[in-house]
Amino acid sequence: MITIRQTGPDDVWPIRSVMTAALASVPMGDFVADDPDFIARHIGGGEGTGLVALSKQTVIAYVLVRFPGRAADNLGLDLGLPADELGSVAHMESVAVDPEWQGHGLQIRLVTAAEELVRTFGMVWSLCTVSPTNTYSLANFIRLGYERKINVVKYGGFERVVLAKRLRS
Ligand SMILES: CC(C)(COP(=O)(O)OP(=O)(O)OC[C@H]1O[C@@H](n2cnc3c(N)ncnc32)[C@H](O)[C@@H]1OP(=O)(O)O)[C@@H](O)C(=O)NCCC(=O)NCCS
């Protein structure tokens, strides 16, 4: 049975391990891994939150959520959102599934659960970036109701589609 729970401080290295394994499962440039410090800041350091999927107590997939607030990387700025809406933006910052567990719909399960969580924090916008060649991730976000907005170059030279979903009217 696969269970999902919110992240805690001990999840940094299990998440990092899934991240590096998943990185090897997609063509170079389709996914960018984050360093452990970035993960720690988002799962307990106040900049975001996260969810992990577990099989027999082992982390097999995760989603990291970032609350960018007034930071320069707020994707709301790329979309031209009004300044008073930037504080209600959540980024689906990173999501990955251990290659041995891909194909079980875990990205959709995790992002759906993350959306429910950030709604309880009052967030209005769920935004993310996906490589235009990352067909699995793009298809999943479209299925979840995200709209393709613009193409940008980010993360040191990688093309990305910015997608957006309004979580409440
Ligand atoms: C994108 C990702 C999270 C999707 O994982 P998932 O939730 O397990 O994918 P799904 O269950 O929706 O899989 C749908 C289909 O795509 C296939 N698939 C998913 N990811 C795949 C991959 N990396 N390589 C080959 N096939 C893959 C599945 O096997 C499944 O095929 P099927 O329908 O024939 O059974 C996963 O591919 C991954 O971790 N990729 C690396 C990290 C990444 O790109 N993250 C997203 C950044 S925006």
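Tutor: Let us begin with the definition of pairing: two strands pair if DSSP finds at least two bridges between them. Please bear in mind that this is a predicted model.

Student: How many bridges join β4 to β5?

Tutor: The cut-off for pairing is at least two bridges. β4 and β5 run parallel, and Ala90 has Ser126 in β5 as its bridge partner. From β4 the chain passes through α4 to β5 in a right-handed β-α-β crossover. The number of bridges joining β4 to β5 is 3.

Student: Which residue in β7 stands opposite Trp125?

Tutor: Strand β7 covers residues 158-166. β5 and β7 pair in the antiparallel sense, over 6 bridges. The residue of β7 opposite Trp125 is Arg166.

Student: How many residues of strand β5 are buried?

Tutor: In a regular strand the side chains alternate between the two faces of the sheet. In β5, Trp125, Leu127 and Thr129 lie on one side, with Ser126, Cys128 and Val130 on the other, and both faces are covered. Strand β5 (residues 125-130) is accordingly described as mostly covered, and the buried count is 6 of its 6 residues.

Student: Which element gives the most residues to the largest nonpolar core?

Tutor: The largest nonpolar core has 41 residues, and Val18, Ala61, Tyr62, Val63, Ala96 and Leu110 have the most contacts inside it. Elements that give two or more residues to this core include α1 (12-23), β2 (48-55), α4 and β5. With 7 residues, the element that gives the most is β3.

Student: Leaving aside neighbours within four places in sequence, with which residues is Tyr62 in contact?

Tutor: Tyr62 is among the residues with the most contacts inside the largest nonpolar core. Once neighbours within four places in sequence are left aside, the contacts of Tyr62 are Ile15, Val18, Gly50, Leu51, Val52 and Ala96.

Student: Which residues come nearest to the ligand?

Tutor: The shell around the ligand has 9 nonpolar, 9 polar and 1 charged residues. Of the 19 residues around the ligand, those that come nearest are Ala22, Ala96, Gln102, Gly103 and Gln107. Two or more residues of the shell come from each of β4 (89-97), α4 (106-120) and α5 (135-143). To end on the names requested, the nearest are Ala22, Ala96, Gln102, Gly103 and Gln107.

Student: Is Lys56 buried or exposed?

Tutor: Lys56 is found in the loop between β2 and β3. Its phi is near 50°, a positive value in a residue other than glycine. Because Lys56 has 8 other C-beta atoms within 10 Å, Lys56 is exposed.

Student: Why does Tyr155 count as partly exposed?

Tutor: Tyr155 lies in the loop between β6 and β7. Phi of Tyr155 is near 55°, a positive value in a residue other than glycine. Tyr155 counts as partly exposed because its C-beta neighbours inside 10 Å number 14.

Student: What distance separates the C-alpha atoms of Ile150 and Ala139?

Tutor: Ile150 lies in strand β6 (residues 147-154). Leaving aside neighbours within four places in sequence, Ile150 is in contact with Asp78 and Val162. Ile150 and Ala139 are 11 residues apart along the chain, and their C-alpha atoms are separated by 16 Å.

Technical notes:
Residues are numbered from 1 along each chain as its sequence is written. This is a predicted model: local features need pLDDT of at least 70, side-chain atom pairs count only at pLDDT 80 or more; totals for chains, interfaces and linings use all residues. A residue is near a molecule or strand if its C-beta atom, placed from the backbone, lies within 6 Å of it. Helices (H or I, at least four residues) and strands (E, at least two) are DSSP runs, numbered from the N terminus. Ala, Val, Leu, Ile, Met, Phe, Trp, Tyr, Cys and Pro count as nonpolar, Asp, Glu, Lys and Arg as charged, and the others, Gly among them, as polar. A residue is buried if 20 or more other C-beta atoms lie within 10 Å of its own, exposed if 12 or fewer, and partly exposed in between; C-beta atoms are placed from the backbone. A crossover is right-handed if, with the strands pointing away from the viewer, the path from the first strand over the helix to the second runs clockwise. A nonpolar core is a set of buried Ala, Val, Leu, Ile, Met, Phe, Trp, Tyr and Cys residues joined through C-beta atoms within 7 Å. Two residues are in contact if their C-beta atoms, placed from the backbone, lie within 7 Å.
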